[in-house]
Every structure is written in structure tokens, then in C-alpha cells.
Number of protein chains: 2
Amino acid sequence: MDRKIPEETIIRLSYYLRALFYFTEENKKVVSSRQLADFLKISPHQLRKDLSYFGQFGKKGVGYSCPKLIDNIKEILGLEREWSACVVGFGNLGRALSFYKGFRDQGICIKAAFDVDKNKQNKTIKDITVYPLEKIKSIIKKQNITIAIITVPKESAKQIAKILYESGIRAILNFAPIKLDVPEEVILKDVDFTCQLTYLTYRLKLLEKED
Amino acid sequence: MDRKIPEETIIRLSYYLRALFYFTEENKKVVSSRQLADFLKISPHQLRKDLSYFGQFGKKGVGYSCPKLIDNIKEILGLEREWSACVVGFGNLGRALSFYKGFRDQGICIKAAFDVDKNKQNKTIKDITVYPLEKIKSIIKKQNITIAIITVPKESAKQIAKILYESGIRAILNFAPIKLDVPEEVILKDVDFTCQLTYLTYRLKLLEKED
């Protein structure tokens with residue numbers, strides 16, 4: 001990984017992409033950095049700085065071509081191609097993520113799900129089959145899956161991460177509220193809904209102080 | 001809002017809090033900034049800079065007292081008190097969030113859920129009752145709810161946001177993949193799973209280039 005590029009920049013690139021899709025839907029072909037930045041409530045300086053890591057985009061005094069910048073960001077994020085992923089844990093969250101339209105729109109395709117519950121196994125819903133955990137290794141190989149999403153309870157998350165690693169997975173999105181010990185070469189991203197929610201409580205508390 | 005404090009700092013405070021809980025569970029009473037930073041794979045400089053916005057914590061050469069720093073961060077984030085929230089949209093994601101243990105652990109209590117589907121309405125699961133949308137205003141008032149989580153499809157998200165605003169809600173966590181037009185005074189945070197996942201595809205692509 002290029003150490004000079006902050007993780008936040010990469011996350012923001014996704015937001016830029018989403019904003020560009022929005023402007024495209026509104027039939028806008030060109031946007032200024034001010035418009036893009038305003039849309040996302042960040043500073044134009046931040047936007048230009050983020051993009052400058054990857055090259056020179058847009059024309060001074062004109063702005064960015066939406067379709068061109070979409071292609072550029074997709075290429076940076078590896079979204080010019082398709083990715084296969086699986087979901088381990090087919091509870092409420094696992095189901096929500098399996099059918100999350102946003103993934104497929106970006107070319108990230110959930111190919112399989114796994115769950116320990118026998119009642120959920122061997123059923124296919126909207127093209128996604130739920131397999132028993134014993135099949136993780138064989139299905140990942142067969143379906144050429146490179147990304148795994150963990151939504152199992154925290155008690156079993158570490159063991160699942162181990163099985164996924166042994167199955168060749170090198171990129172994990174982890175929703176289990178636990179620190180996973182994965183080898184250095186595994187790209188791990190934790191998602192914690194609490195962080196998003198406590199940003200709201202922080203801001204609400206500030207507001208109350210102002211009143 | 002104090003404009004000088006970046007949103008990313010607030011989000012990282014949540015991560016620090018989570019890490020401190022982890023160290024506490026491991027019976028650690030004091031941690032150094034290096035240990036905390038290593039745990040979260042950030043630089044000690046970043047950690048110290050984030051905390052410095054809010055005062056002087058820890059002792060030079062000794063580190064941070066875990067219980068004290070937990071209390072300090074909880075106070076900054078407004079988590080020294082309880083918050084009441086509701087979930088609008090009781091699909092897979094709505095259900096997952098309604099029963100998300102992490103919220104309750106932080107004193108954020110989901111008090112009610114709302115859904116347009118008659119089959120889901122007027123049922124109570126684990127203390128959470130699902131009400132029809134028509135009841136949003138009255139339940140929010142009755143239950144003193146200050147935070148709303150939107151998980152409805154994007155087609156109805158704007159209308160829901162309007163109803164929530166009219167019901168007095170000033171903090172919204174939005175999972176619908178759409179830009180909500182809310183008045184300036186509403187604190188809005190969008191969550192998009194695609195951003196987390198494309199961070200993985202970005203890193204995977206970098207790895208392939210290196211090979």
C-alpha cells in the first residue's frame with residue numbers, strides 16, 4: 001500500500017463517485033470542484049488535495065467532466081472490473097448486505113452466503129445460495145471469491161476469519177464487534193455502526209451547549 | 001459545531017473508545033499512546049492530535065488511564081447520558097440495527113421501529129414495537145426520541161426525512177442510498193457500505209500491481 005495516501009482519502013473517493021453518479025442522473029456533464037465539495041459538505045481544497053494524489057483531473061476554470069472523473073475514480077478504486085464476494089453469517093445484517101443493491105451497482109457481486117443454521121442452508125434467494133460453513137473453502141475456490149464479509153456473532157468471528165484466510169481470502173470486511181487477528185497480508189476493514197451514531201450524539205450535545 | 005474539529009477526529013474517538021474497552025477487558029488499566037495507536041493501526045501522532053482538541057489527557061511517560069480516558073471520551077461524545085432512537089424501515093437492515101448490541105452498550109436505546117408493511121406492524125420483538133408510519137410523530141413525542149435511523153428504500157427516504165423533521169427529529173443516520181434535503185439544523189450522517197467495500201477493492205488492486 002502506498003503509505004502516503006490516507007485511508008480517509010480512499011473512503012472519500014467513494015463519496016465523490018456517488019456524488020458524480022448523482023450529478024449524472026441530474027443530466028450534468030461537468031461539475032466544478034466547488035459544486036462537488038458543497039454537495040459533500042467538504043472544502044474544495046480537500047477535494048482537490050484528495051484527487052491530486054492520483055494525477056491531474058479536470059480543467060482549470062471549467063471543472064470536471066462527470067463521465068471522465070467517474071471512469072478515473074473507478075479505475076483508482078479497482079472498480080473497472082468485477083469482484084466476487086461472499087457473506088459469512090446469514091442473519092438480518094448478512095441478508096441485508098447480500099442483497100445490497102449498491103454493491104452490484106459497483107460491480108461487486110455477492111456470490112454465496114454461509115451460515116451455521118441448518119434451516120437456512122441449501123436455500124437460494126435471489127441468486128444467492130446459503131451454504132454450511134464446511135463448504136467455505138470449496139465454494140470460495142469454485143466461485144473465485146476474493147472478498148469476504150463477516151457478520152457472525154463476535155464469539156465465532158475469529159474462527160471464521162481463520163477459515164477464510166486458509167481458504168485464500170485476503171480482503172475482509174468485518175461487522176463483528178471484535179478485533180480480528182489476521183496475518184499482515186490480509187486487508188481488514190472493520191465496520192462499527194456505533195461510530196456513525198456517536199457522531200450524531202456528539203453533535204447533538206454541542207447543540208445543547210449552544211442553546 | 002466547532003468547525004476546527006474534523007469529523008474524522010470524532011469518528012476516531014469512537015474507535016479509541018472501542019479500543020479502550022478492549023484493553024479494559026484484557027485487564028489493562030493504563031495504555032500508552034503507542035499501544036492504542038498500534039491497536040488501531042494509526043500513528044501515535046494522530047491519536048495525540050485528535051485528543052489534544054479536547055484537552056490534556058494522560059501522563060507523559062506513563063500513558064492514559066483506561067477508565068479515565070473512557071469517561072473523558074464518553075463525555076466528549078455525549079455518551080455520559082442515555083439517548084433514545086428509532087428505526088424507520090423494518091427490513092433486514094432495520095431489524096439488524098434495531099437489535100444491534102453495540103448501540104445499547106453505549107447508552108443509545110432503540111425505542112421504536114416503523115414500517116409501511118401491515119404484516120410487520122403492531123408486533124413487539126425484544127422490547128421493540130413496530131408501528132405504522134402514521135404513528136411516527138406521536139411515538140417520537142411520547143417516547144422522547146431524538147435520533148432517527150432511516151433504512152427505507154431510496155424512493156421513500158426523502159418523504160420519511162420530511163416527516164421526521166416535522167416530528168422534531170434533528171439527528172438522522174441515513175442508510176438509504178440517496179441525498180436527503182434536510183434543513184440546515186438537522187445533523188445528517190450518511191452510511192454507505194459500498195465505501196467500506198471499495199476500500200478493499202482499492203487495496204486488492206494495489207496488491208495485484210505489486211505482484
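Q: How many bridges join β5(B) to strand β6 (residues 128-131) of chain B?
A: In this predicted model, β5(B) and strand β6 of chain B run antiparallel. Strands here are DSSP runs of E of at least two residues, and helices are runs of H or I of at least four residues, both numbered from the N terminus. Two strands pair if DSSP finds at least two bridges between them. For β5(B) and β6(B) the number of bridges is 3.

Q: Which residue of β6(B) is the bridge partner of T124(B)?
A: Residues are numbered from 1 along each chain as its sequence is written, with chains lettered from A and ligands numbered from 1 in the order in which they are written. Local features need pLDDT of at least 70 and side-chain atom pairs count only at pLDDT 80 or more, whereas totals for chains, interfaces and linings use all residues. Within β6(B), T124(B) is bridged to T129(B).

Q: Which strands of chain B stand at the edges of the sheet?
A: Chain B has an open sheet of 7 strands with mixed pairing, in the order β5-β6-β4-β3-β7-β8-β9. Each edge strand has a single partner strand, so one side of each is left without a neighbour in the sheet. The edge strands of chain B are β5 (123-125) and β9 (187-190).

Q: At about what angle does helix α8 (residues 154-166) of chain B run to β7(B)?
A: This helix lies across β3 (83-88), β7 (147-150) and β8 (171-174) of chain B. Axes are lines fitted to C-alpha atoms, for helices over the stretch in contact, and angles run from 0 to 180 degrees between N-to-C directions. Relative to β7(B), α8(B) runs at about 170°.

Q: In β6(A), which residue does A112(A) stand opposite?
A: Strand β4 (residues 108-114) of chain A pairs with strand β6 (residues 128-131) of chain A in the parallel sense over 3 bridges. On its other pairing, β6(A) is antiparallel to β5(A), over 3 bridges, and there T124(A) has T129(A) as its bridge partner. The residue opposite A112(A) is T129(A).

Q: Why do the buried residues of α4(A) line one face of the helix?
A: Helix α4 (residues 66-76) of chain A has the buried residues C66(A), L69(A), N72(A), I73(A) and I76(A); buried denotes 20 or more other C-beta atoms within 10 Å of the residue's own, with C-beta atoms placed from the backbone. The arc is that of the directions from the helix axis to the C-beta atoms. Seen down the axis of α4(A), the buried residues line one face because they fall within an arc of 130°.

Q: Which element of chain B do the buried residues of α4(A) pack against?
A: In chain A, these residues pack against α1 (7-25), β1 (30-31) and β2 (64-65). Contact requires C-beta atoms, placed from the backbone, to lie within 7 Å. The partner from chain B is α9 (193-210).

How values were computed: Buried ≥ 20, exposed ≤ 12 C-beta atoms within 10 Å, placed from the backbone. Contact = placed C-beta atoms within 7 Å.
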